[in-house]
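Hi,

Here is the structure I said I'd pass on to you. Have a look at it first, and then read on for what turned up in the cavities and at the contact between the chains.

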Amino acid sequence: MLEIDNLHAKVAEDDTEILRGLSLKVGPGEVHAIMGPNGSGKSTLSYILAGKEDYDVTDGSITYKGEDLLEMEPDERAAAGVFLAFQYPIEIPGVGTMTFLKTAMNAQRRARGEPELTTPDFMRQVRELAGALNITPDMLKRPLNVGFSGGEKKRNEILQMALLAPSLCVMDETDSGLDIDALRIVADGVNRMRSPERSIIVITHYQRLLEYIVPDHVHVMSRGRIVKSGGRELALELEENGYAEYVEAA
Amino acid sequence: MPAVQETIEQVKEIDVDKYKYGFETFIESDRAPKGLDESTVRFISAKKGEPEWMTEWRLQAFERWLTMKEPSWARVKYPKIDYQDLYYYSAPKSMSGPNSLDEVDPEILRTYEKLGIPLREQEILAGVRPAVEAADSDADSDDDSDAPAAEGTRQVAVDAVFDSVSVATTFKKELAKAGVIFMPISEAIREYPDLVRKYLGSVVPITDNFFATLNSAVFSDGSFVYVPKGVRCPMELSTYFRINERNTGQFERTLIIADEGSYVSYLEGCTAPMRDENQLHAAVVELIALDDAEIKYSTVQNWYPGDKEGKGGVYNFVTKRGDCRGKNSKISWTQVETGSAITWKYPSCILRGDNSEGEFYSIAISNGHQQIDSGTKMIHLGKNTKSRIISKGISAGLSNNTYRGLVSAHRKASGARNFTQCDSLLIGGKCGAHTVPYIESKNASAVFEHEATTSKISDDQMFYCLQRGMSEEEAVALIVNGFAREVIQKLPMEFMAETQRLIGISLEGSVG
């Protein structure tokens with residue numbers, strides 16, 4: 001599904017190098033957790049996967065479904081199934097959540113040469129998925145993320161993810177700012193999406209989320225590269241001992 | 001004004017037959033000769049078969065115009081207009097009442113099709129089928145038995161103005177049943193001279209401003225609406241203006257009168273083809289609302305804005321003013337300004353009647369080299385008058401977008417209230433947004449509120465939309481539609497979808 005090889009990247013504006021030789025392989029149906037201290041480059045990795053302009057890739061490669069991901073525009077990546085659940089979802093005043101969802105959905109369908117969804121079909125899909133995430137019809141009418149609570153914003157990200165049905169989900173600190181009930185709703189939403197055709201990368205500080213979304217692989221990231229990989233037990237070990245030894249190792 | 005008096009005397013001496021002769025010689029060309037002098041004014045008046053008082057009125061305006069200077073206070077720049085290098089009258093050939101579709105130039109039909117006037121209406125427009133019959137056959141195909149029109153489909157009566165001539169007006173018969181007069185103003189001058197004489201120039205006098213005065217002298221056509229006492233106009237009325245001819249100025253004149261207790265909603269659409277040279281458009285719209293009457297006037301202005309280098313495009317110098325003459329009357333302007341190289345336009349309300357209400361909702365989008373200087377004036381004269389201004393300016397490319405507004409309270413306007421909100425959105429770093437509000441209050445009890453914001457489309461918003469699969473252009477259109485939502489919601493249904501689409505089109509190429 002995804003193969004990142006020796007990726008080097010810097011901030012375009014000031015040349016600060018953030019990723020320094022990061023390599024990662026994610027197979028179809030796998031759930032990978034990337035953990036690491038602040039400033040280790042986790043969010044940068046998620047932005048580079050999604051194609052944000054603010055970074056320059058100076059070396060290495062990213063292959064997604066056999067294609068060079070770095071050659072694709074952000075909207076092309078989205079249509080090809082790359083989805084980023086934002087750590088801080090963006091507010092768009094005046095644009096109804098439903099309108100936003102429909103515009104996104106149909107843009108992707110058009111890009112893939114599929115027919116646009118009719119409004120009733122679309123509404124039915126949204127309502128079904130929204131119900132399971134405790135998202136009220138009123139919330140769907142409100143402008144996108146404007147005045148949403150932290151929990152509402154994160155649930156809205158999961159709703160978009162469920163609706164767009166991507167094949168690669170990158171979740172950037174989806175657990176931050178969530179209370180335990182909201183965390184459970186979000187995790188259940190993600191777990192419902194697990195499938196043999198879909199890969200999920202969960203970026204988080206805390207092992208708490210991984211109690212709900214159980215990963216197949218856990219990676220520790222420090223100073224722009226992956227310094228240790230293991231199974232679920234690695235997350236528990238980190239919880240116990242912290243990141244200190246990895247920061248030093250890197 | 002001795003000069004004017006002299007003109008009137010001169011006009012009175014005019015031998016009408018001589019003008020008929022002049023009319024004959026000119027008709028072959030379908031156009032008035034280039035340039036503007038007294039004979040041009042007389043030519044237009046004769047061409048329209050106008051009564052003497054109208055010709056006098058025009059000549060009076062022309063005399064006045066000669067003494068006036070083009071205004072320069074607006075934040076727009078353009079090369080000097082040579083008023084002698086323009087045609088002031090142009091009529092499409094064989095437009096004297098077509099009897100079948102075949103007689104209407106297919107190009108004109110295609111044009112209206114592109115403007116989004118449905119085919120059924122086009123046929124009516126072309127005069128092939130009477131409106132009532134067309135509505136019946138429509139109902140048949142919808143399995144409705146005797147209903148005159150399918151439930152839920154709203155009818156819109158259309159007056160189409162092609163260059164200087166009103167091509168056709170639809171649904172005339174149905175409107176007549178309700179007592180509503182909707183016809184080209186040239187016809188109204190002949191058929192309802194008393195009404196026209198009473199109200200024409202009563203809101204925008206012939207001395208008003210350079211462009212309005214020019215219009216008074218040379219206006220060729222436009223729409224006339226009269227809604228009688230207590231009548232709620234049964235359908236939306238609509239005019240589509242189209243400039244087609246090269247080097248031709250378009251000067252329409254619209255006059256709408258809502259008598260006591262009546263209501264009318266009027267839509268105006270404008271387009272022009274792409275031309276290298278600039279085209280001049282100087283229209284005047286006058287609205288009069290008597291006691292308890294309401295007029296809702298909506299415009300989607302999409303004149304050609306010029307090319308990427310700023311070549312060509314329409315110069316749009318328009319005077320629009322509504323007079324809430326009666327108590328409890330209401331006038332509401334809604335405008336979507338996306339076209340024109342230059343827009344100079346301030347739809348205003350004179351709140352004369354006690355408790356009268358004025359509204360102005362505006363979306364002004366500028367891209368490329370476009371220049372917009374637009375806004376409104378709310379003149380509070382009566383007691384407890386209310387006004388509301390919501391202006392959304394969107395600037396992209398190298399354009400400049402200015403909101404210019406005046407809210408004033410006369411000393412007798414006790415209890416006057418205004419709320420103004422001016423929001424500007426910038427796309428890219430080379431455009432400009434300017435807000436120039438004037439507030440004048442001579443009455444201590446008046447309460448005026450003004451709010452203004454300026455924002456940019458953030459990179460984060462763009463990236464978020466792109467990450468969800470939208471193209472840059474779709475993302476901009478979506479964000480701008482959200483920004484302008486308060487105003488879009490005020491538009492009649494017919495214009496809402498068109499506007500949303502237009503926002504996307506007019507901002508093409510504004511990012512990246």
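Let me start with the second largest cavity: both β7 (263-271) and β11 (313-324) of chain B put at least two residues into its lining. Of these, β11(B) has the largest share of the lining, at three residues. The volume of this cavity comes to about 50 Å³. Its lining is made of 12 residues, and the ones nearest the centre are Glu268(B), His281(B), Val318(B), Lys320(B) and Lys345(B). Sorted by class, that lining holds five nonpolar, three polar and four charged residues.

Before you read too much into any of this, keep in mind that the model is predicted.

Now for the rest of the cavities. With a cut-off of 30 Å³ or more, the count is three cavities. The largest cavity has a volume of about 110 Å³. It has 20 lining residues, and closest to the centre you'll find Ser391(B), Gly393(B), Asn401(B), Thr402(B) and Tyr403(B). A run of chain B strands gives two or more residues each to this lining: β15 (357-366), β16 (371-380), β17 (386-395), β18 (400-409), β19 (417-426) and β20 (432-441). The one that gives the most is β17(B), with four residues.

On to the interface. Chain A brings 32 residues to the contact and chain B brings 17. Together the two chains bury about 2,000 Å², with 64% of that on carbon and sulfur atoms. On the chain A side, Asp75(A), Phe86(A) and Ile90(A) lose the most area to chain B, and together they make up 23% of what that side buries.

There are also polar links between the chains. I get three salt bridges between chain A and chain B; in one of them, the side chain of Arg110(A) meets that of Glu474(B) at 2.2 Å, N to O. Residue pairs in polar contact across the two chains number 12, counting pairs with both residues at pLDDT 80 or more.

Which elements of chain A give two or more residues to the side that touches chain B? They are α1 (42-50), α2 (74-79), β6 (82-85), α3 (97-111) and α6 (150-164). The most comes from α3(A), with seven residues. By class, this side of chain A has 19 nonpolar, eight polar and five charged residues.

Cheers

Key
Residues numbered from 1 in each chain as written. Chains lettered and ligands numbered in written order. Predicted model: local features only at pLDDT ≥ 70, side-chain atom pairs only at ≥ 80, totals over all residues. Heavy atoms only, no water. 1 Å grid on protein atoms, 1.4 Å probe; cavity = no way out; pocket = protein on both sides within 12 Å on 5 of 7 lines; lining within 4 Å. Points joined across faces, edges and corners; volume = space filled by probe spheres on them. Nonpolar A, V, L, I, M, F, W, Y, C, P; charged D, E, K, R; others polar. Contact = heavy atoms within 4.5 Å. Buried area = accessible area lost by both parts, 1.4 Å probe. Salt bridge = Lys/Arg side-chain N within 4 Å of Asp/Glu carboxyl O. Polar contact = N/O pair within 3.5 Å; in protein donor to acceptor, adjacent residues only side chain to side chain.
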